[in-house]
Amino acid sequence: MRIPALLRPPTHAGTRLTAKRLLNLWLARLHHARGHIHVRSLPIKLTVEATSVCNLRCPACFTGTGEIGRRRSSMSLDLYRKLLAELGDTLFQVTCCDWGEPLLCKHLETMIAETSARGIHTEIATNFSLPFDVARAERLVQSGLSVMGVSIDGARQESYAQYRVGGNLETVLENCRLVQDAKRRLGSATPALWWSYHVFPHNTDDVERAAAMARELGMEFAASKGWLAGAEWDPSSSWRFFADPWATRCLYLWLEGVVNSDGGVAPCCGSFYREDDMGRIAVRPEDLAVASFREVWNGERFLAARRFYRQRVGSEQTRSHICFDCPQTVIWERWQQHQDTGGAATTFRPGYSTNDCFNFFWNRRPTRQSV
């Protein structure tokens, strides 16, 4: 018997299915499908910024170009444990990175180990161009990390370093070997290592060679078109982005939470500046802030964002909300108008490319007094 899509759980390695997780999953999906504004469910996925610091200068990254969204810091274990205590029973997946380099967080392995122990799938994405050794490779494997994506956009130092500015390809490859060796010694199948390749005009000739190098290292290989600040490179290229925009309510507003290293709750992974946070989680009782994730999750800014999916109107202050002009919100509005005039799904055009969506966030620079 086929299980309806609404009931089918995610297939994440390392996730322990429980009645509480499944009930929350089904309720969250129901809220999303019906566009409920106030929700009784919690996120099934959580992205936490283990650290907002990075060692490279990638040109299409806020951190890499030196933008300051908030004070640079690592998430404290107290804050992370507070999140895990509140959300751990309903989460299927935790990703311990966003705009920073997670392996620069000194207690990353502790965060991952405590998450894995609760039966939750864990992931990180790393540039891996940093000091690493056998001992840390073993700690990372023993933490129970499920998946580690390694961003390697080239098969030669010359091509790789054009985007991963300041990175060293040989260091990255040696670090991948250290992790694979540690897995063999410890008899562990995890973490699964993925070679993540962003394709640009300067590195298209390296793709096949990089795929072969990934096979030699025992890594999975995934190549997709890289986005750029400004115009998309060669829209007619056969290379495609990892996903294309389509008409659906934003998953982040109903199913996925994002918390920065300072406790700021972001609307999504595209958001970078603290001015666009939906609220802040307090770690200490004396903090003058919202005390729990759930309160932020059903706070006014999240309610307003979900309300835009029913009617995208409001005052000047309302229109300044990051979600008001977000491409996903606008695409949904266009889709509703398209349906109202008798349009079919086959004739609908979102009007945005993946590169356009990236540029919406990239071009959003708030006016501020100080960090």
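Q: Hey, which residues is asparagine 24 in contact with, leaving aside its neighbours within four places in sequence?
A: In this predicted model, asparagine 24 touches Ser41, Leu42, Pro43, Ile44 and Thr90, once its neighbours within four places in sequence are set aside.

Q: And what does its side chain reach at 2.8 Å?
A: The backbone nitrogen of leucine 42 is what the side chain of asparagine 24 reaches at that distance, 2.8 Å.

Q: Nice. Where does asparagine 24 sit, and is it buried or exposed?
A: Asparagine 24 belongs to helix H1, which covers residues 19–34. Its relative accessible area is 8%, so asparagine 24 counts as buried, the cut-off being under 20%.

Q: Switching to helix packing: how do H2 and H3 sit against each other?
A: Helix H2 (residues 77–87) packs with helix H3 (residues 108–116) at an angle of about 15°, and their axes are 11 Å apart. That angle makes H2 roughly parallel to H3, because angles under 35 degrees count that way.

Q: Is that crossing left-handed or right-handed?
A: H2 and H3 cross in a right-handed way.

Q: What about phi at phenylalanine 128 and aspartate 234?
A: Phenylalanine 128 has a positive phi of about 60° without being a glycine, and aspartate 234, not a glycine either, has a positive phi of about 40°. For background, most residues other than glycine have a negative phi.

Q: Where are those two in the fold?
A: Phenylalanine 128 is in the loop between strand E3 (121–126) and helix H4 (134–142). Aspartate 234 is in the loop between strand E6 (220–225) and strand E7 (256–259).

Q: How accessible is each one?
A: Phenylalanine 128 is at 0% relative accessibility, so it counts as buried. Aspartate 234 is partly exposed, with a relative accessible area of 38%.

Q: Last one: where is glycine 299, and how far is it from methionine 278?
A: Glycine 299 lies in the loop between helix H8 (293–297) and helix H9 (300–307).

Methods:
Residues numbered from 1 in each chain as written. Predicted model: local features only at pLDDT ≥ 70, side-chain atom pairs only at ≥ 80, totals over all residues. Heavy atoms only, no water. Helix = DSSP H or I, 4+ residues; strand = E, 2+ residues; numbered from the N terminus. Buried < 20%, exposed > 50% of the residue type's maximum accessible area, 1.4 Å probe, protein only. Polar contact = N/O pair within 3.5 Å; in protein donor to acceptor, adjacent residues only side chain to side chain. Contact = heavy atoms within 4.5 Å. Axes fitted to C-alpha atoms, helices over the stretch in contact; angles between N-to-C directions. Parallel < 35°, antiparallel > 145°, perpendicular 65-115°, else oblique. Left-handed = near helix turned anticlockwise from the far one by under 90°.
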